[in-house]
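Here are some worked exercises on how the chains of a complex meet. Have a go at each task before you read its solution.

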Amino acid sequence: MSVAQGVNYLNEDKSLKSWLFTLDHKRIGVMYLFGVMTMFLLGGIFAILIRLELLAPGPDLMTADTYNQMFTLHGAIMIFLFIIPAIPAALGNFVLPLMIGAKDVAFPRLNLASWYVYLLGAGFALFSMLAGAADTGWTFYTPYSTTTSTSVISMTMAAFILGFSSIFTGVNFIATIHKLRAPGMTWFKMPLMIWALYATAVIQILATPVLGITLVLLVLEKAFGIGIFDPAMGGDPVLFQHFFWFYSHPAVYIMVLPGMGIISELIATFSKKKIFGYKLIAYSSVAIALISFLVWGHHMFTSGQSELAAMVFSFLTFFVGIPSGVKMFNWLATMYKGRISFEAPMLWALSFMFLFAIGGFTGIMLGAISLDIHFHDTYFVVAHFHYVMMGGTVVAFFGGLHYWWPKIWGRMYNETLAKISVILVFIGFNMTFFTQFILGSQGMPRRYFNYLDQYQPLHAFSSYGSWVLGLGFIIMAFYLIHSLFRGKKAPDNPWGALTLEWQTSSPPSHHNFDEIPDLDHDPYDYDKLMVVDDKLIRKNGQSEKKETTVN
Amino acid sequence: MDPNGTLFFPEQGSTIASEVDLLFHFVLYLSIFFFILVTGGSFYFAWRFRKKGEDQFTPNISHNTSLEIFWTVIPTILVFIIFIWGFKTYLKMNVTPANSMEVNVTAQKWFWTFGYKEGATTTNELVVPVNKSVKLLMSSQDVIHSFFVPAFRVKMDVLPNRYTSLWFEATKTGEFDLFCTEYCGKGHSEMIGKVKVLSDAEFASWLASSSGPSDLPPAEYGKELYKSKACFTCHSIDGTPSVGPTFKGVFGRTEELTDGSSITVDENYIRHSILEPQSQVVKGFQPVMPTYQGVLNSQQIDALIAFLKTVK
Amino acid sequence: MEHAEHPKFLQHHFTDAEQQAESAKLGMWIFLLTEILLFGGLFVFYAIFRSWHPDMFYEAHKVLSVPLGTLNTFVLITSSLTMALSIRAMQLNNRKQTIWYLVATLLLAATFLVVKYFEYHHKFELGQLPGRFYTYEGINAVNPHIFFSVYFTMTGLHGIHVLIGMIVITWVLVRTIKNDFSSEYYTPIEMTGLYWHLVDLIWIFLFPLLYLIG
């Protein structure tokens, strides 16, 4: 029986108070979603302004100081307030308990606390923005950060506080995955998204505390001059870089691993095909999580580190690349002999494969030390991490958002506009950032307010690309907001997927599943099962009404 | 883009450059091959196995161990080759030839100073002979900077608490761009200069003429210094305020200071501002100017004062 | 309510009390791991600076008071014991004993902080302070202020943890008095205990590293 007219988590209590004090992981996920989307908008505006300033050499729109604050805010907001929480805390919060057949995460209060801590962190970041924004870059390198007169402390505190929010989510996810799986869901029956979230949570809890203590020391250094990063007082500024990257390189995988999880779901669902090499994909997530702790030094090949250190870091860097490459082959093999359809989420997934491949290959180039010497701190690096972070994570996030949108809101969006949007984003992204590979290898350094005339044509082209990119997102904002109010009612299982979250109503009821879901199949058994109009069809031809729907 | 360069690289100006480029192109073609394999494959499969008509079940292909081993091992071998290759070139970059000519490099916000043993100092212009290995011994006066010459494919951070070094051997004469690549604040993108590669004979005569005292008239010498010591990065002579106050009409002007007092700009104030720039800062500006103690000698300061008197 | 048969401490999303207790325990262990890593970062800083300036560390550590440090070590170990005993008492349903042991733990924690206060106060007076506040002249070594930066950061962060511990212990104490716990359900006391043992453990590392160099 359809519950569309019935009570669901969105309409059971519409008061503001019921949202602000909710312990429901779905509502917390939705509130996170609003948070991260707001931050994406803000960070995106900074990005467009940066590209506008770089349209031509010389000061056009803003002063050098303003420009430096802009790219700092763009980086800090996008990384700490958007990408890191986007997939785990927003989408993950919503889908994780649903996908493993649980009623909620293990610690709902901690989950809500994580959201408020996130808000507090965002508050600090905004305060920093208004009180003379930090101009250090999101990396806060000493001794520049300890000597500049801008409000570095509040920005650092923001990152510190947001770290706690991230740790809370990580603790919650690990406990939930260990203890709250539905009866019968063994580790190898979990959807790959869950493996990815698990590996992410491991990194979140292992790396974030180290960043926390590093940022505390930075604040103490700046506020009280404790001298440990100050060369004049016997400290060492490069020490900060080591500690910063010990967190921030694994943080790259906090960002990209859950994206890979989403892609695994999308490829399987839209190819209607059993995922190829399930175990290899699952293990590779964990392998990436562990190796990622040992490669931080590759951000510092030009910092004067010893040859031995450079050799070890370069070597390990290549090995963290292998599992990512393996995943690509596995996704490809999953598509083989599938039944592929091209709804918007699948287009996002195909974009991901294209863009992430480029991000990966340029990562291999950067891993080779002699090449990194030339590319380090140029636009080549900027382009590379945008291909990984945006072409990878952000594209996967939007793929996931479109995929689970009907489940979250119980409404569909306009498919045609969604296709136009993903195509515009794809084209605009490549225009903006592929150009920057060439700029970088030609020698254009990053974080430059002004540049030499010879780089002008490519800079201009990159800026035009940013407008196409922006247009793609404006269209998306339009049809998504339209869908919230006017969207067509979504079926329980619009994509015919076999994972558990599609077995409950859209949107789900407060308790997710009114009965403990029945696990009679694996998440990717498309060789035996098929869902048509919310009905499960078995291979022997017998059609049956979905049993787990609320009666 | 560099007319002498390729799509991806500026022209090759040093002995190491061709080696770096070769590895890059090796990885590039390898990447293109695998890129076509993966994304071409995904697009081909997407089209070949697109959903057609009625719903069908898909085959149960869960894994294929030998295939998976194959596509794990092959990339592993390839990246291993890339690793060895990259590391070998890096070692070459790191081992300075014994007979190198040494130049001291000082980085500070936001200019480069190059000091030669013979006594010459230059700002934002590194002059070196062709076909001779040059070792740069670098340190910073304030924050971290990074020395980068794209045409030479060399880069090294310049740190405030220790010396770092870098070497290169230029293979052709001409001028090459020089950038600071470690973000260092407001003037980061102005912290650029040139590497001028001269023939042996030209270099010798340049070194000889630059190492003695100047015989230009003071005001003209001051104007030279204004350019060569990069004063213009922060002080305009056309009246536009920049990082620091403009020099237009500066001499004899009365300025209000950050502590509220005011002062008339005279010879002593200028000298004081060059040597202890943070002590009397004009209101509305940040105390960011570095000291020129040890960078400018008294003849040069006199020349700058003479020059400033002429900027009206 | 629909889950009327559930005991009131059982949250709706758990199937039974065992699942809830196990989840809490796992979550707590993960949290403690993050705490260890947080301090781990500081221990690495300590190791780096000590290896760079071994003589300075040796000279500077002499101004720390070993008797006071030893006293505090003793106080904290005892408080770990009383904490453990309070859990034991609750397992035996002896609420009164639990209350007294918790009060004892609180008093010992307060003692620790009072001793720490006197140590800090003494150093403030002498100017044995971190970084640019360092004015003491009795240490014959280069950059002794670094030692005090490390000392104050590590003991300061630990002190904050003691303070948080006291707040949490007060909270479980109030709940114990309100009769929220029994031998069936005492997870919060147990979790507090785990946290408290960690705080104790960290001090057991801090004490020799800072007070007993050489």
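From the N terminus on, the elements of chain C run α-α-α-α-α-α. This is a predicted model, in which local features need pLDDT of at least 70 and side-chain atom pairs count only at pLDDT 80 or more, while totals for chains, interfaces and linings use all residues. Residues are numbered from 1 along each chain as its sequence is written, chains are lettered from A and ligands numbered from 1 in the order in which they are written, and side-chain values use heavy atoms, with hydrogens and water left out.

**Exercise 1. Describe the make-up and extent of chain C.**

Step 1: Count the elements. Chain C has 6 helices and 0 strands (DSSP runs numbered from the N terminus: helices are H or I, at least four residues, and strands are E, at least two).

Step 2: Look at the extent. Along the principal axes, the C-alpha atoms of chain C fill a box of roughly 70 × 30 × 25 Å.

**Exercise 2. Characterize the interface of chain A and chain B.**

Step 1: Begin with the residues and the area. Chain A brings 98 residues to the contact and chain B brings 83 residues. Together they bury about 7,900 Å², with 70% of it on carbon and sulfur atoms (buried area is the accessible area, 1.4 Å probe, that two parts lose on being put together, summed over both). Phe329(A), Arg339(A) and Gln442(A) supply 9% of the area that chain A buries against chain B, more than any other three residues.

Step 2: Move to the charged pairs. There are 2 salt bridges across this interface (a side-chain nitrogen of Lys or Arg within 4 Å of a carboxyl oxygen of Asp or Glu). One of them joins Asp236(A) to Arg162(B), with the closest N and O atoms 3.1 Å apart.

Step 3: Ask which helix gives most. Helix H10 (residues 307–335) of chain A supplies the largest share of the side of chain A that touches chain B, 15 residues.

**Exercise 3. How do helices H8 and H9 of chain A pack?**

Step 1: Two packed helices are described by the angle between their axes and the distance between the axes. H8 (residues 237–271) and H9 (residues 278–291) of chain A pack at about 175 degrees, with axes 11 Å apart (axes are lines fitted to C-alpha atoms, for helices over the stretch in contact, and angles run from 0 to 180 degrees between N-to-C directions).

Step 2: H8(A) and H9(A) are therefore roughly antiparallel to each other, a label for angles over 145 degrees.

Terms used
Contact = heavy atoms within 4.5 Å. Parallel < 35°, antiparallel > 145°, perpendicular 65-115°, else oblique.
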